[in-house]
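Take a look at the chain below.

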Amino acid sequence: MSLHFKLTQIVTAALLLLPGVAMAERAGLPSADNPEARGKAIAEITDATDLGFGDTTSEMEMVLTNANGDQTSVACALTRLRIRMPVTATGQ
């Protein structure tokens, strides 16, 4: 795994976690002295503002360098579309 790919993963994880961290510091939440009430309040806010999983598109480029220093570039684009499937009585 390349350093660029690892950094991309770290940045993506940070961007996904930052809204939760910011929300945890929101005024009006119970103090950290009462973790159960604070956790419940955060969960309720999250449930009320959750937009769910949606369509995503990712574009990336991988640069391969051989022992001679020659580089080859490979570009890739991924699109993930969310399809809502009906839920049956058995949950499948």
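Two strands pair if DSSP finds at least two bridges between them. Helices (H or I, at least four residues) and strands (E, at least two) are DSSP runs, numbered from the N terminus. This is a predicted model, in which local features need pLDDT of at least 70 and side-chain atom pairs count only at pLDDT 80 or more, while totals for chains, interfaces and linings use all residues. Residues are numbered from 1 along each chain as its sequence is written, and side-chain values use heavy atoms, with hydrogens and water left out.

**The elements**

The chain holds two helices and two strands. Their order from the N terminus is α-α-β-β. Strand β1 covers residues 56-65 and pairs with β2 in the antiparallel sense, over 10 bridges. T56 has R80 of β2 as its bridge partner. M62 has V74 of β2 as its partner. Five residues sit between the strands of this hairpin, where G69 takes a positive phi near 90°.

**Buried or exposed**

Buried means under 20% relative accessible area, exposed over 50%, and partly exposed in between (1.4 Å probe, protein chains only). Of the chain's 92 residues, 7% count as buried. How many of the 10 residues of strand β2 are buried? The number is zero, so β2 (residues 71-80) lies largely in the open.

A75 counts as exposed because its relative accessibility is 68%. Contact means heavy atoms within 4.5 Å. Not counting residues up to four places away in sequence, A75 touches M60 and E61. K40 belongs to helix α2 (residues 35-49). K40 is exposed too, at 56% relative accessibility.

Here are two C-alpha separations.

| Pair | Apart in sequence | C-alpha to C-alpha |
|---|---|---|
| K40 and L29 | 11 residues | 9.7 Å |
| A75 and V63 | 12 residues | 8.7 Å |

Now the chain totals. Among contacts between residues at least 6 apart in sequence, 15% join residues at least 24 apart. The accessible surface comes to about 8200 Å², and 60% of it belongs to carbon and sulfur atoms. Such areas come from the Shrake-Rupley method with a 1.4 Å probe; for residues, only the protein chains shown count as cover.

**The largest pocket**

Rolling a probe the size of a water molecule over the atoms shows where empty space is left. A pocket is an open set of points on a 1 Å grid over the protein atoms alone, where a 1.4 Å probe fits, with protein on both sides within 12 Å along at least five of seven lines; lining residues have an atom within 4 Å of a point. Grid points are joined across faces, edges and corners, and a volume is the space filled by probe spheres set on the points.

The largest pocket holds about 580 Å³ of space. Its lining has 19 residues, of which F5, T8, S58, E59 and M60 lie nearest the centre. Helix α1 (3-24), β1 and β2 are the elements that give two or more residues to this lining. Which element gives the largest share of the lining? That is β1, with seven residues.
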